[in-house]
Amino acid sequence: PEEALAKLREFGPDAAMVDVGPNISGLAEAAAQRPGVALEAATDLFTSRRAGQVNRILQQFDTAIGPTSREAVEKVEESPAFTAALQSRIPVDDAMVRLLERPSMARAWQKARTLAGEQGRELPSLGEFLKRAREGDIVEVETSVMHWLKKGLDDVLEPKRDPVTGIVASQYGQNQTRAMNDTRRLFRNLVKERNPDYADSLERIARDKRIDEAYEKGAAFTRLKTPDDVQRQMARMDDIEKRAFQRGIRDAVETKTADKGALGFDATGFVLGQQSKLKAAFGDKADDLISALRNERTMAQTENRVMGNSRTAFRQAAQADAELDPGAVAQAIADAASGNVVGAAGRLVQRGAARLRAGPQKVRDALGDVLFDNDPVAQAALAASLRKLAARQAASQVQSNRMGSALMAPLGEQAGRGTSIDVRFPALMSPEERRAAGYE
């Protein structure tokens with residue numbers, strides 16, 4: 001019983017006694033073979049579990065990732081502090097004018113005018129701006145203009161992809177590219193020196209960009225062939241970027257499994273197929289994540305066994321021996337829940353399953369109430385009943401047989417004699433009845 005409860009705790013709140021192991025799920029399969037309470041209970045349990053499987057998988061990823069995620073990082077360009085930094089004005093002096101006269105800055109200014117126009121702002125031509133600056137009409141400028149200019153310069157220097165070959169290459173020669181990068185560096189430093197708040201925002205924007213890039217790499221993790229590829233992607237990431245990479249993996253899993261969950265299919269196959277890469281991405285936390293995924297897979301396999309009506313070797317062996325002595329089903333639950341599934345106990349489970357297929361409806365109904373219930377209170381009551389049974393069995397085999405017969409009473413009449421036993425299954429008793437019977 002203790003091992004059974006431990007297994008249920010490991011599986012989580014959606015697990016039921018039917019998930020403890022293949023032997024007890026064999027009993028559940030037999031109980032659910034015909035219409036009745038057991039089949040209804042099984043259908044309710046498995047339908048609700050299947051509908052929530054994808055969300056449970058994603059919750060496991062959320063636990064492994066931790067609280068910091070892509071969504072939790074405030075976008076600097078949307079913050080009030082950045083807006084204030086852009087509205088600050090900086091001096092326009094000879095050093096700035098000489099820098100703006102460089103050829104690459106002329107190209108960047110054209111792009112800056114387009115960016116400003118998209119936000120409803122109109123910038124003068126670069127020629128007009130420089131003329132007025134030399135004449136002393138412009139002595140300072142809003143930082144937002146310099147920010148558009150920085151973005152324009154970034155666009156000028158951005159490598160382009162050949163539409164035919166797909167090869168990414170610079171538009172300029174090596175020496176020209178180096179000279180233009182020097183201009184960009186000098187321009188950025190000039191503006192940052194004159195507006196420290198803007199400088200701080202730029203550092204944070206760069207960090208945002210790295211986080212976004214890490215997220216996008218994680219979202220494309222299925223394209224990575226090996227765990228080594230994953231480790232190379234993460235090698236230069238800091239902790240926040242790694243969590244963004246993991247968040248990308250999580251969201252990719254959501255995208256890949258959403259259709260399976262909506263259609264009622266088991267979604268664990270895809271995720272477990274990526275487990276070597278998940279171990280590389282999540283490190284020590286991968287063990288708990290993969291263990292939880294395997295538990296989900298086990299619960300899905302339980303449903304397939306109980307509801308799939310497949311003729312496995314277990315069922316064939318069970319049907320070969322249809323004799324069942326009084327109390328065998330109760331004994332089978334105790335043995336299966338305790339992991340005692342070898343030798344005589346294993347045969348007893350098989351005989352119990354065979355008896356259930358042919359036995360009274362009350363037997364199957366009562367087992368349905370017990371095996372498909374994921375209420376922790378009901379599970380604890382069942383465990384208490386099994387502990388009682390185990391203690392009495394340890395006292396003597398004769399007493400064990402009597403106890404098994406007593407526990408079998410609410411499940412129907414004794415096989416072959418038709419004599420009712422006036423003792424009900426403790427898990428189905430009220431608290432007052434359990435205390436009166438000595439179970440509490």
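The model is predicted. In helix 4, which spans residues 80-87, the buried residues are Phe-82, Ala-85 and Leu-86. Viewed down the axis of helix 4, these buried residues fall within an arc of 100°, so they line one face of the helix. An α-helix has 3.6 residues a turn, so residues three or four places apart point the same way. Pro-80 and Gln-87 lie on the other side of helix 4 and are exposed. The cover over the buried residues of helix 4 includes strand 2 (140-142), helix 8 (143-157) and helix 10 (196-219).

Next come the aromatic rings. The structure holds two aromatic pairs. One of them is formed by Phe-61 and Phe-282, whose rings are 5.8 Å apart centre to centre, with 65° between the planes. The pair counts as edge-to-face because its angle is over 60 degrees. It joins distant parts of the chain: Phe-61 belongs to helix 3 (residues 37-65) and Phe-282 to helix 14 (residues 275-282), 221 residues apart. Phe-61 counts as buried because its relative accessibility is 0%. Phe-282, with a relative accessible area of 5%, is buried as well.

Trp-109 and Phe-129 form an aromatic pair that is tilted, with 5.1 Å from centre to centre and 45° between the planes. This pair also links distant parts of the chain, with Trp-109 in helix 6 (residues 103-118) and Phe-129 in helix 7 (residues 126-134), 20 residues apart. Trp-109 has a relative accessible area of 1% and is therefore buried. Phe-129, at 5% relative accessibility, counts as buried.

Methods
Residues numbered from 1 in each chain as written. Predicted model: local features only at pLDDT ≥ 70, side-chain atom pairs only at ≥ 80, totals over all residues. Heavy atoms only, no water. Buried < 20%, exposed > 50% of the residue type's maximum accessible area, 1.4 Å probe, protein only. Helix = DSSP H or I, 4+ residues; strand = E, 2+ residues; numbered from the N terminus. Arc of directions from axis to C-beta. Contact = heavy atoms within 4.5 Å. Phe/Tyr/Trp six-rings, centres within 6.5 Å; stacked < 30°, edge-to-face > 60°.
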